[in-house]
Structure formats: C-alpha cells, structure tokens
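Me: I would like to learn how to read a structure of this kind. Please take the features in turn, with the general idea before the case.

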Amino acid sequence: MKDLKIVTVTLNPAVDLTLNVDVLRIGEINSVSSMRKDSGGKGINVSKVIHNLGMKTVATGFIGGSTGEWLQADLKHKEIPADFIKIAGETRTNVKIISPESETQCNGTGPHPHEEDLVRLCNKIDQLLEDGDALILAGSVPGETDPIVYRKIIQSLRKNVFIALDTSGEALKESIAGKPDLIKPNEEELSQLAGIELRTEGEIVRTAQELLAQGVKHILVSLGERGSLYVSKQGAFRAVTPKVEARSTVGAGDATLAGFVTKYLSTGDALASFVFANACGVATVLKEGSQVCNRTEAEQFVNQIVCMPINGVSV
Ligand SMILES: Nc1ncnc2c1ncn2[C@@H]1O[C@H](COP(=O)(O)OP(=O)(O)O)[C@@H](O)[C@H]1O
Ligand SMILES: O=P(O)(O)OC[C@H]1O[C@](O)(COP(=O)(O)O)[C@@H](O)[C@@H]1O
C-alpha cells in the first residue's frame with residue numbers, strides 16, 4: 001500500500017509558554033514554580049502526535065521572526081518534517097498559566113499573511129499532497145485575515161484528499177460551505193456556530209446532524225473531561241473517558257483530531273478511530289505544557305474508553 005501522509009496547516013503557529021504556579025492571584029506578583037516552552041499551534045501539535053503515532057506527516061503554514069525560527073528549530077530537533085512559509089512579522093507567543101485550580105490562557109493574535117503569501121501556501125499544499133492523503137487545517141486565523149481563508153484553501157485543492165478542519169468563530173462558520181470531511185469543534189465552538197448555547201447532548205447531536213445535511217461527513221464534538229460525541233451517517237455515539245489527574249489540557253483537542261485522522265486513514269473504521277481519538281486526548285492531558293502523547297501512551301487507554309450509541313436523542 002502507498003505510504004499515506006497527513007499534511008497539517010497552521011496559519012497561526014505559536015510558541016507556548018507554560019507557567020506553573022501553586023496559587024494564581026490576579027493583580028498580584030505570582031511565583032512560578034516551573035515553566036516550559038513548547039512549539040505549538042493546532043496543526044503543529046497535530047503533526048507532533050501523528051509523528052509519534054508513526055504515520056508520515058508534514059507541517060506547513062506561516063511563520064515569522066525569531067519566534068518562528070525557534071519553532072522551526074524545535075520541530076527539526078523533534079524530527080518532525082516541516083515546510084513553512086516565512087512572512088513578515090513575529091510568530092506569536094501564547095502564555096498558559098496553570099495552577100491546581102485553574103488553567104488560564106492568554107493567546108496572541110499573530111502576524112497576518114498577505115494575499116500573495118496565501119497563494120504560495122495553496123501551491124505548497126498542492127505540492128505536498130497526493131491523492132488519498134489527508135489535509136488537516138487547524139487553529140485560529142491570524143490578525144486581520146479574512147475568515148473565509150480555510151474555504152479558499154479547500155476550494156484551491158486539486159488533489160482528492162480527506163479534509164479535516166479544527167477552528168472556531170467566523171472561520172469555522174465560513175468554512176462549512178467548503179464541505180470539509182470532518183470538523184472537531186468543542187462544545188463552545190459548536191454553540192458559537194449554532195448561534196445558541198447548546199445545553200444538552202440532544203441539542204449537540206441535532207446541530208451536528210444539520211451539519212451532516214450541509215455536507216460535513218464526520219462531526220467530532222469534544223467535551224473535555226466528559227469525553228466526546230461523534231455524529232455521522234453511521235449514527236450518533238458518545239465516548240466516555242476515564243477519570244485522570246490532568247496536568248495540562250493544552251493540546252488534548254489536537255491529539256484527539258490527530259488520533260481520529262491517523263486511525264481513519266489507515267483503517268477506514270470510524271468508530272475505532274473515535275475511540276482511539278479519545279485515548280489520544282486522555283493520554284495528552286497527563287503531559288505537562290503542550291506536550292502530546294505517543295502511541296504507547298495512547299494505546300494504554302483504548303480499552304478504558306467506553307463508546308456507546310446515543311439512542312432516542314432527547315432535548
Ligand atoms: N480532564 C480530562 N480528563 C480526561 N480526558 C480529557 C480531559 N480533558 C480532555 N480530555 C480528552 O481530550 C479530548 C479533547 O479535549 P477538549 O478539552 O474537549 O478539546 P479542546 O482543547 O479542543 O477544547 C476530550 O474529548 C477527551 O477525550
Ligand atoms: O490557534 P488557536 O485557536 O489560537 O489556538 C492555539 C493554541 O492551541 C493549541 O494548539 C492547543 O490546542 P488545544 O488545547 O485545543 O488542543 C496551543 O498549542 C496553542 O497555543
């Protein structure tokens with residue numbers, strides 16, 4: 001069989017600076033007990049997981065300035081294939097403050113690409129992909145960039161590939177018409193897309209079914225420590241994850257997406273992919289900072305994920 005590959009696109013990468021504090025007091029001087037610096041941004045994290053799972057991946061997108069250089073060097077050190085486009089401006093730094101009670105995130109805006117940078121990116125994606133591969137578009141849209149950007153990228157594709165999208169707000173809304181094969185919103189992102197607060201499992205499933213009608217084939221809604229929901233033509237399913245002592249949930253959504261697409265591309269089994277996705281998510285919350293799971297860590301959780309069909313969806 002051909003060696004399939006997953007290309008990830010991060011329009012707005014970040015260096016994640018994680019500060020661990022024993023107590024966080026807003027408006028006061030806080031002591032940092034430990035800190036770490038990781039390369040981050042959604043597509044980049046997805047590529048890290050795919051690489052750890054043993055599948056071929058290439059990370060692309062936009063980087064800028066010395067922060068971008070650091071990020072690229074870090075990926076090189078981790079032997080993760082990367083092929084980024086340099087743009088003007090400085091790649092952002094996202095600060096995560098973790099205390100025993102809370103996780104606070106301060107994320108930057110990031111430099112925005114010009115129209116010609118986008119053309120270069122679309123050409124690069126086309127060069128990197130072959131028929132049968134997968135493309136994962138993940139993360140926020142930088143600065144003043146038009147939120148239609150992901151739809152434009154999808155529409156520029158000349159290869160027959162599986163397309164997964166993980167973004168939020170206007171960018172998610174504008175991308176649905178591009179008919180990505182899979183989306184992975186969390187509960188809040190799906191509520192924003194629906195324009196109402198989704199309070200019950202039934203409401204989430206019904207919203208997902210409306211998206212199916214609009215051409216999205218797989219909807220994976222992550223619910224943090226409550227696991228996730230999966231909706232496709234096969235039906236609606238719930239996965240419950242085991243209770244663990246989370247060190248940092250940063251990157252858990254990215255690991256979930258990577259787990260699903262990696263398994264789905266190699267097996268075509270959507271439910272096994274859904275279970276594996278959750279196993280990757282749980283295994284990642286046990287890691288400090290923006291570190292992600294490897295295959296052994298994820299596989300340890302597969303048998304502990306309880307996956308069941310959702311029958312008789314109630315409001
Ligand atoms: N505290 C937790 N305990 C166990 N599993 C978790 C926890 N937080 C997240 N997960 C797992 O990781 C997945 C993705 O996490 P989530 O926080 O929903 O993603 P996102 O970062 O995109 O909002 C969840 O669906 C679940 O499987
Ligand atoms: O692109 P966005 O939505 O601003 O998010 C960027 C942040 O998301 C992360 O990729 C983590 O994402 P998840 O916690 O959703 O998996 C961080 O590495 C990064 O700082």
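**Ligand shells, helices and sheets**

Reply: Start with the make-up of a ligand shell: around ligand 1 there are 6 nonpolar, 11 polar and 1 charged residues. Here Ala, Val, Leu, Ile, Met, Phe, Trp, Tyr, Cys and Pro count as nonpolar, Asp, Glu, Lys and Arg as charged, and the others, Gly among them, as polar. The model is predicted: local features need pLDDT of at least 70 and side-chain atom pairs pLDDT 80 or more, while totals for chains, interfaces and linings use all residues. Residues are numbered from 1 along each chain as its sequence is written, and chains are lettered from A and ligands numbered from 1 in the order in which they are written.

Me: How many residues surround ligand 1, and which are the closest?

Reply: A residue belongs to the shell if its C-beta atom, placed from the backbone, lies within 6 Å of the ligand. For ligand 1 that gives 18 residues, and the closest are N186, S222, E225, G253 and G281.

Me: Which helix supplies the largest share of the shell around ligand 1?

Reply: Helices (H or I, at least four residues) and strands (E, at least two) are DSSP runs, numbered from the N terminus. Helix 9 supplies the largest share, 4 residues. Helix 8 and helix 9 each give at least two residues to this shell.

Me: Which residues are the closest to ligand 2?

Reply: They are G40, N94, G139, S140 and G253, in a shell of 17 residues. Strand 2 (14-21), helix 1 (42-53) and helix 8 (252-267) are the elements that give two or more residues to it. Helix 8 gives the most, with 3 residues. By class, the shell around ligand 2 holds 3 nonpolar, 11 polar and 3 charged residues.

Me: What should helix 9 span, and how far apart are its end C-alpha atoms?

Reply: The expected span is 1.5 Å times one less than the number of residues. Helix 9 (residues 270-285) has 16 residues and should span 22 Å; its end C-alpha atoms are 23 Å apart, which agrees.

Me: In what order do the 10 strands of the open sheet come?

Reply: Two strands pair if DSSP finds at least two bridges between them. The order is 5-4-1-8-9-10-11-12-13-14, and the pairing is mixed. At the edges are strand 5 (85-86) and strand 14 (306-309), each pairing on one side only. Strand 12 (residues 228-232) and strand 13 (residues 235-240) run antiparallel and are joined by 5 bridges. Within that pair, L229 has R238 of strand 13 as its bridge partner.

Me: Which strands of this sheet does helix 9 lie across?

Reply: Contact is judged by C-beta atoms, placed from the backbone, within 7 Å. Axes are lines fitted to C-alpha atoms, for helices over the stretch in contact, and angles run from 0 to 180 degrees between N-to-C directions. Helix 9 lies across strand 11, strand 12, strand 13 and strand 14, at about 30 degrees to strand 13. Helix 8 lies across several strands, including strand 1 (5-10) and strand 8 (134-138), and runs at about 170 degrees to strand 8.

Me: What is the order of the open sheet of 4 strands?

Reply: The order is 3-2-6-7, again with mixed pairing. Strand 3 (32-40) and strand 7 (103-106) each have a single partner strand, so one side of each is left without a neighbour in the sheet. Direction ignored, neighbouring strands of this sheet are turned by 20 degrees against each other on average. Strand 2 pairs with strand 3 in the antiparallel sense over 8 bridges, and T18 stands opposite R36 in strand 3. Strand 2 pairs with strand 6 in the parallel sense over 7 bridges, where L17 has V95 as its bridge partner. Strand 6 (residues 92-98) and strand 7 are antiparallel over 4 bridges, and there V95 is partnered by C106.

Me: Where is E79, in terms of the loop it sits in?

Reply: Most residues other than glycine have a negative phi. E79 is not a glycine, yet its phi is positive, about 60 degrees. E79 sits in the loop between helix 2 (65-77) and strand 5, and is exposed, with 7 other C-beta atoms within 10 Å. K179 also has a positive phi, near 55 degrees. K179 lies in the loop between helix 5 (169-175) and strand 10 (182-183) and counts as partly exposed, with 15 C-beta neighbours inside 10 Å.

Methods: Contact = placed C-beta atoms within 7 Å. Buried ≥ 20, exposed ≤ 12 C-beta atoms within 10 Å, placed from the backbone.
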